[in-house]
Amino acid sequence: MAVHTSQSVAKAAGDDVARGRSRGTGKSAPPSKLRRALSVHWYAWTMVAPVVLVIGVIIGYPLVRGIWLSLTDADERNVARSIGVNKMPATYEFVGLDNYADALTGNQFLGTLGWTLVWTVSCVTITFCLGMALANILNRRIAGRSAYRMALILPWAIPGFVSVFAWRFLYNENNGLLNKILGGAGIDGIPWLNDPAWAKFSVIAVNVWLGVPFMMVALLGGLQSIPSEQYEAAEMDGATAWQRFRHVTLPGLRPVSTTVVLLSTIWTFNMFPVIFLLTRGGPGEATQILVTQAYKFSFEISPRDFAQSSTWGVLILVLLMLFAMVYRRVLRTQGDNW
Amino acid sequence: MRRGITATALVATLALAATACGSDDETGGSKSSGELSGTVTWWDTSNVGSEDKVFKKIAEGFEKKHPKVDVKYVSVPFGEAQNKFKNAAQAGSGAPDVIRSEVAWTPEFADLGYLAPLDGTAALKDQDDFLKQAAASTKYKGKTYAVPQVIDSMGIFYNKKMFADAGVEPPAKIADLKTVAKKIKDKTGKTGLYLRGDDSYYFLSFLYGEGGDLVDADSKTVTVDNAEGVKAFGVVKDLVDSGTAKTDATDGWENMMSAFKNGDVAMMINGPWAVADTLTGKEFTDKANLGISTVPAGSAAQGAPQGGHNLAVYAGSKNLDASYAFVDYMTSVESQAQTAGELNLLPTRTSAYSKKEAVDSEIVQFFKPVVESSVERPWIPETGSLFAPLNVEYTKVLTGQTTPEKAAKATGDSYRKLLKGWK
């Protein structure tokens, strides 16, 4: 048996060499298929290689490393460091899925997730409704239309951190403009960022303010692509303004709105700067969303808990992937071609 | 890639260190000052707009003594410095040669291996001259990792004019604090006290006042969640709820300083680091209007935390010799006398207290006994980590999101997670 096998291997090897010399006469085996694919597409592969390499380095490596860290107990004190004369080797250990079990059974992750969902849903809903209303208003021929459009795009044009800091000044309880105006009208100042409920309202308001321009521009584009014949035909049939909006505008906007809602959801879910710069997740941890909390683990507490931070990061990724899959499936069942 | 850079830096550092050692041997102990060269980057964390100018001036004075050395003064906001230094130190690039390290950060940085041991270097001169309290935080596992620059504690800052208008005296006890604040409110319409709600360092004197503490390092016990701790959370909650104090969950430092400087509040709890900034306020154009008294006593005791700042040298510094000399210069008797005179900061050297500048400063003279009787924290690597969990619960109590009992328990739980094996 053993002899037989070795003989056949030797034979096969010999065959291979022979086939190699007399190219094209042998029967098409898998390796030659690959070879053919390479010989046909080598140019494409070469062109793609740098991109694949760069993506692998800047996305693949951190992702794999993040997943690996989430399976260990790595923190600031046990990772490898070499500073000048001090050299310390890594001493963290593999702990399996312990971090995930801790995160999913403790109430910190679930509590933060709850507020993150409230934050995402309310921001996206309000932004979408406001964007839709403004887009419809600006789609008509009104005087100074382009001036309005410019003004409404302004929040988008200002760097995010600049506008968030401006809002932080406005919100200041004792010296902020908002409370000065209220005080002028004889109303008591509102603890915008100092009361947990008001702080939640305040961060949502700022994010809506930042998000409306994008919604508006995207939906305005969608509105302009709806053929005017459809409106004319609807009007001929005696449709009211509401019916025209309901049965012509909304279906016409569908391809645009599904995309912007998906994008906006993902962006809002991970909207780091607004929360971090406005409240740092406070007061207490009232406005802490998943990404800001993950940042806190990794950069603000000491010793920095890299393992827990990566765990939260991976969980955020999984949640968003699940959302995107469900969203796609729902759209597909409704007949959208995704 | 990062490892490559670190390795290169390491080799470079070793090479530099080796050559530096060589030159050291040649000239022996009588090393002339002109020999030091290169750049020394210093991260200063003092208050921008008041203290930083003086420190910059002093730091640049080093260049006059050592013309070949270029001192790069970088002002880093105190609140960001700890994280910024950790990021840079761990990445192996962008870290300064010398950092002004808060007392609680020093053992932590040392534990992480970011600091160069200073025993036997030029940075440590006349060690016996340093106040014992100040030197304590610079030691970790038998080695010295920093040199004390300033020492401080806390007291009540009050507006003398407002106190006179209301006809009150500085409160000695927390119960008095409430009656004083009420009289001020009745007479002037202003709030009595500003209590920082976003930084639990300002909570410590209330905790000590009730006889509590964060942890007891000798018996390895977490003490923040015992009855005294719960009581202390109740005390600060009552101060805010009763209108004695106002607070903020964000921008606490800016709001506190502007409220006190503009006369919107009559008192704040603060330390010598706030004096220079306070004196720029419109209420304090006459410096005599600023009164300082000891923090009010709680039901069990009276106490304020001992704090301060050290100067530490980054272990990966490429210019260790000049850095050591710079640290020595910045903590010398002359430099300390100058900061005592211009900024009312407390020296860490005993001999600096006999200098005219320190003797003439009322604030230095006031705080000297306060510092001597202040509560010393355990200098373990985790001391600097105790504030992050406490901040969250402290703010939650002040904003009514949790009860004192729950807050104390939650803080204790996270301390036990942090301090493995503690009771």
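Predicted model: local features only at pLDDT ≥ 70, side-chain atom pairs only at ≥ 80, totals over all residues.
Local features need pLDDT of at least 70, side-chain atom pairs count only at pLDDT 80 or more, and totals for chains, interfaces and linings use all residues. Residues are numbered from 1 along each chain as its sequence is written, chains are lettered from A in the order in which they are written, and side-chain values use heavy atoms, without hydrogens and water.

Visitor: How many residues of chain B are in the contact with chain A?

Guide: Contact means heavy atoms within 4.5 Å. Chain A gives 33 residues to it, and chain B gives 37 residues.

Visitor: Which residue of chain B forms a salt bridge with A:Arg77?

Guide: A salt bridge is a side-chain nitrogen of Lys or Arg within 4 Å of a carboxyl oxygen of Asp or Glu. Between chain A and chain B the count is four salt bridges. With the closest N and O atoms 2.9 Å apart, the partner of A:Arg77 is B:Glu382.

Visitor: Is B:Ser323 buried or exposed?

Guide: Buried means under 20% relative accessible area, exposed over 50%, and partly exposed in between (1.4 Å probe, protein chains only). B:Ser323 touches B:Val40, B:Asp97, B:Val98, B:Val313 and B:Ser317, leaving out residues up to four places away in sequence. Because its relative accessible area is 0%, B:Ser323 counts as buried.

Visitor: How far apart in space are B:Ser323 and B:Leu118?

Guide: In sequence, B:Ser323 and B:Leu118 are 205 residues apart. From C-alpha to C-alpha, the distance between B:Ser323 and B:Leu118 in space is 11 Å.
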